[in-house]
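This explanation is written for a reader meeting the structure for the first time. Please keep the sequence and the model in view while reading.

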Amino acid sequence: MATQHSSEDYMRRAIALARQAVGSVSPNPPVGAVIVRDGLIVGEGFTQPPGGPHAEVQALAAAGNAAHSAEMYVTLEPCPRQGRTPPCTQAIIGAGIKRVHVAALDPNPTTDGRGVTALQDAQISVVIGEGSEEALLLIEAFAKHVTSGMPFVTAKFATSLDGKIATQAGDSKWISGPEARELAHELRASVDAVMVGIGTALADNPQLTVRDSPLRNAQPTRVIVDSSARLPKDAAMLSENGNTIVAVVSADKARITALRSAGAEVLNMSGKGKTVDLRKLFQTLGERDITSVLVEGGSILLGSLFDQGLVDKVIGVVAPVIIGGHKAKGAIGGQGAQSMLEALRLSRVTYHEIGGDMVVTGYPER
């Protein structure tokens, strides 16, 4: 542990520690902390599951007496308020830390810079902004939920080079390669819920579980948008560990009873018309402290989400294969844009290759 680093490396290490908490600490944010004294790392930690110690407290415990007159690097502003655990600012002050480097301020309105103020009032020097871009990416779901009550919604899909998600006969296994499919499981492991439409559920009979990636907590909640409760009671996902929510509108009582007897939770999400009120559904999920939802299809559901402006992030996997066929489905249905001026543009776009496929990540411009 006692290895000398530069200031940038200390914060980079704190960010790496925070990544270890992703997928296991919701609705809390993933945070990493490193304590440095005389150029040496003497303690480090990351957020534990709800009720457990925060990153700062874990790092202070590891450092012990060496924390006195040391510097702390933390990815998010320390909390100044009593929650399930005591205020982290109190622990930092009590340990005698002389300077705290904070990558990003806490977006929680109940904090609003009070953590930094508490440290400064105790004559602790505070440096803000080192590594902020990476730190903010780690808490994007927390930030959305804590400021709006709604979960952070990521639309993920895999297409051929000509934009198809299946052949005109409905075959979709497999468009992307094994490495990209492993990425899909990594994404599932990082979120609170995975959502698909009933068309995808009926066509693929998916398990919607994390299998090819380490699972840091419970399986994500499975959410099926199924207006008429058509999900079969013997669907593969209903025999898996974890919770399955079926969002319906007007459905036969016998079907609802069958789904509930199979272990699913059925929620009436009726709105205008005969389709599930997606905004109401996300509000309900947010009230349950589900801070992040990964939507994996199909094209009807994704189209509705884009039409209603409910997508926060897009992850598209493009495989170097041509499917063709005018009846073959594209990734995004719905009404879509009437002109290119109305087309949804992505910002903060990144690209990387994985196993021969191209992964494009971006954020819809509002």
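In which loop is the place of E77? E77 sits in the loop between β3 (71–76) and α3 (88–95). Helices (H or I, at least four residues) and strands (E, at least two) are DSSP runs, numbered from the N terminus. The model is a predicted one, in which local features need pLDDT of at least 70, side-chain atom pairs count only at pLDDT 80 or more, and totals for chains, interfaces and linings use all residues. Residues are numbered from 1 along each chain as its sequence is written, and side-chain values use heavy atoms, with hydrogens and water left out.

E77 is buried yet has no salt bridge. Buried means under 20% relative accessible area, exposed means over 50%, and partly exposed lies in between (1.4 Å probe, protein chains only). A salt bridge is a side-chain nitrogen of Lys or Arg within 4 Å of a carboxyl oxygen of Asp or Glu. For E77, the nearest side chain of opposite charge is R81, 7.8 Å away; Lys and Arg count as positive and Asp and Glu as negative, while His and the chain ends are not counted.

The side chain of E77 does reach backbone nitrogens: that of G115 at 2.9 Å and that of R114 at 3.4 Å. Leaving aside neighbours within four places in sequence, E77 is in contact (heavy atoms within 4.5 Å) with residues including V102, L105, D106, T111 and V116.

Attention now turns to P364, which is found in strand β14 (residues 357–364). P364 counts as buried because its relative accessibility is 7%. Although P364 and D312 are 52 residues apart in sequence, their C-alpha atoms are 6.4 Å apart in space. Not counting residues up to four places away in sequence, P364 touches V311, D312, K313, V314, L344, R345 and L346.

L346, one of the residues touched by P364, has its place in strand β13. With a relative accessibility of 32%, L346 counts as partly exposed. Together with V349, Y351 and M358, L346 forms a nonpolar patch on the surface, with about 350 Å² of accessible area together. Patches are made of residues with over 30% relative accessible area and no salt bridge, where like charges are joined within 9 Å and nonpolar side chains (Val, Leu, Ile, Met, Phe, Trp, Tyr) within 5 Å. Accessible areas come from the Shrake-Rupley method with a 1.4 Å probe, and for residues only the protein chains shown count as cover. The largest share of the nonpolar patch, three residues, comes from strand β13 (residues 346–354).

Strand β13 is also the place of R348. R348 has a positive phi of about 50° although it is not a glycine, and at 57% relative accessibility R348 counts as exposed. A positive phi, of about 65°, is likewise found at D289, which is not a glycine. D289 lies in the loop between α10 (278–287) and β11 and, at 38% relative accessibility, counts as partly exposed.

Two peptide bonds also deserve attention. The bond from G297 to G298 is cis, with omega near 0°, and G298 is found in the loop between β11 (292–295) and α11 (299–307). The bond from K173 to W174 is cis as well, with omega near -5°; W174 lies in the loop between β6 (152–159) and α7 (178–190).

Key: A polar contact is a pair of N or O atoms within 3.5 Å; within protein, one must be able to donate a hydrogen and the other to accept it, and residues adjacent in sequence count only if both atoms are side-chain atoms.
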